[in-house]
Amino acid sequence: MKYLDEYRDSATIKAISDKIFGIAAKDWKIMEVCGGQTHTILKYSLEELLPQKITLIHGPGCPVCVTPVEMLDKAVYLSGLKDVILVSYGDMLRVPGTFTDLLSCKANGSDIRMLYSPLQAIKIAKENKNKKVIFFGVGFETTAPANALSIIMAKKENLKNFYMLCSHVTIPSAIELLLSNKSTAIQGLLLPGHVCTVMGYEEYYPLLEKYKVPAVVTGFEPGDILSGIYLLIKQLEEGTCKIENQYKRTVHKDGNRHAKAIIDEIYVRGDQIWRGIGNINNSGLKINEKYSEFDAEIAFGLGEININEKIGLKYNNKILDESTLCIAGEVLQGISKPIDCPAFASCCTPEYPLGAPMVSSEGACAAYYMYVKKKYC
Amino acid sequence: MCLAIPGKIISKEEKDNILMAKVSFGGAIREVCMDLVPEANIGNYVIVHVGYALNIIDEDEAEKTLEIFDELLSYS
Amino acid sequence: MADIMAFDNFECPLPLRNNEQILLAHGSGGTYSGQLINEIFLKHFDNSILNELHDGAVFEIGGLKLAFTTDSYVVDPVFFPDSNIGELAVNGTINDLSCCGAKPLYLSAGFILEEGFPIDSLKKIVISMKNAAARAGVSIITGDTKVVDKGKADKIYINTSGVGIVYDGINILPKNCREGDVIILNGNIASHGIAIMSSREGFEFESQIISDTAPLNGLVEKICNISKKIHVLRDPTRGGIASSLNEIALSSGLGMFIEEEKILIDEQVNGICEILGFDPLYVANEGKLLVIASSDDAERILAVMKNHEFGKDSAIIGKVTKENAGKVIMKTRIGTNRVVDMLSGEQLPRIC
């Protein structure tokens, strides 16, 4: 496939790897922010192609993993209501809330449907006018405009049965939290290429100024990631500190103005809880009150009810405890790697997950389980 | 956080007030919403995430990236 | 998590996760399926023939070595590009028998029909089954039909069971694998799973992706005639070639080493896998054959396969190793080595 295969060429990748070996003189700790980049690194065993001096820290870029438990509980509650169809991206279905997960709710008879695109949510709403269709809209800035367009489409079509349960997170504040955490000691950043496709990368300049950490906007193919690492290591070795753009074929400095306008129109920014991490100021998007008719939280009065009480009864109040063994928060912040966790691959597996990063296939723990676990045992 | 794949626009049309395109991914054709990149034309490559085009792929920049790769190869 | 060790009045061993219900993952051919088989079926049915955990059972009666297998088909949609549930059911059981190293002879066909299912559709399916059986040289000699209330089944479910005679000198058993054996695959992967999904989701293609469903008994017969050093035959269905190779690695106690560049995939099928974030190694096939045989006979087996209708794109994709016992390791297209592990359940499309 064009614009994919060229960046997976083995000779090219070997050449970039050799260059990295050639320039890396000191030890460096760099973070790839996006879960998709982590996935590529592990799937293609890119660490085999890097000198040991370079430590890759995996960032919190898994929107499914960081969706707060309360949102899962709200989705579970809504899916159990009469005449509701809950539609969701696939990986959200397996993530446990306080009592249960959406896949189990589906097994119990709730009408929960998986979708690949918000376009399907609108289609389902049009085809089921007697039902309330609630779209569990999660994601980072990459997915936010597409999710937002579903509200714009619903308004255009005058759909009275479409709602979004909105749980979006935004990257810059999260990166600031990580950079301010001395225990991670991140020295360089591979910025998320598709978030930057939407948002551009101007908003990262203040972070660079404050923390003096160089950054490279990086794509997702093995060739992209290795070039991104090469450019970053070169900066670190030379002592420069700027934002470079490795992913120029897709990313412009000011992003996509249509997408940014839609985000500004539909959402408001605010504080957001990241599962496993806690509250991060100014790191979330909620639906603008102008569009409150589509906001599931308002339409279903979620602010006025005790969700856990409502669904707890159904599940005999058997809480799925966030295990004390689970170090999801440390993994998401790059403080620890999944293989550092004593529960990894022993009592924490995709079948018996203790935390969200093991459930979601985008999560670092699940990726390690799939690609790395058997290297160690 | 973002699985997005490049594909080639093979046709465009407005459907129910939404700008849509048929995009080919190695021969597999999906309907993609073009509301975020209305200026894209047939023959352009776009980067697509959850059924929406996020941006036009800049073919010149893509060429330049590959030229850099070729340079690296010739030095290795 | 709730204490998964706490339960009352149980008869089964460890509860599967902390669910008390069957999940879709239990049918996907991954580790959930494996757990269900081990902890419920094997535990209770327990016998030496079953415990070999082959695609079918191989046993002797009166000096004759027979293979016997059963499989159920619940595919939705019932009609998909170029085939249907009936053809799948016939080919699938023929293939399971073939993978026991047996010549398939007779099948049974059991139908569970949902009230309201069009008789015309049933006719089409049955005619496909007749044609598939005739094409493969087998007979459907017995069957059964049940009808259930509307809503109690999804249109039509078919079970086929089959019996065949094992070829002389052929002893298919993962434990017979040896270090250095070659792993041969007869063509491109993931077409069936993507054809089904595309039919369900309305994907379009420049040229139609069709299921690769095919009877492999002719191909297997040819291979078994020219080599008695075939150690494993497997038709990788649900869970893809990755799941099959993992099962073989575990059963044989050896490593499976494969090369990504040697594994063929149709470009359009690959396009869909890329969009959805699916790894084609785990996507279902219905006409693929994995042959693990002594390297002594590799070239002869490959030549015979390439000369056959269902083996034109056959290639050696890897070899059996002593290292990495129980694991499947793949050399990626970029030259690094990656573990190919079992999936726990279905692949779900990624957004990230």
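In which loop of chain B does B:Val50 lie? Select B:Val50 and you will find this residue in the loop between strand S4 (45–49) and strand S5 (52–56) of chain B; helices (H or I, at least four residues) and strands (E, at least two) are DSSP runs, numbered from the N terminus. Its phi is near 40°, a positive value in a residue other than glycine. B:Val50 is buried, with a relative accessible area of 10% (buried means under 20%, exposed over 50%, partly exposed in between, with a 1.4 Å probe and protein chains only).

A word on the ground rules: this is a predicted model, where local features need pLDDT of at least 70 and side-chain atom pairs count only at pLDDT 80 or more, while totals for chains, interfaces and linings use all residues. Residues are numbered from 1 along each chain as its sequence is written, chains are lettered from A and ligands numbered from 1 in the order in which they are written, and side-chain values use heavy atoms, leaving out hydrogens and water.

Next, select A:Lys212, in the loop between helix H10 (205–211) and strand S8 (215–218) of chain A. Here too phi is positive, near 55°, in a residue other than glycine. A:Lys212 is exposed, with 57% relative accessible area.

Now move to chain C and pick C:Pro77, in the loop between strand S2 (64–73) and strand S3 (79–80). Look at the peptide bond from C:Asp76 to C:Pro77: this bond is cis, with omega near 10°. For context, most residues other than glycine have a negative phi, and most peptide bonds are trans.

Last stop: C:Leu53, in the loop between helix H1 (31–45) and strand S1 (57–61) of chain C. C:Leu53 counts as partly exposed, at 43% relative accessibility.
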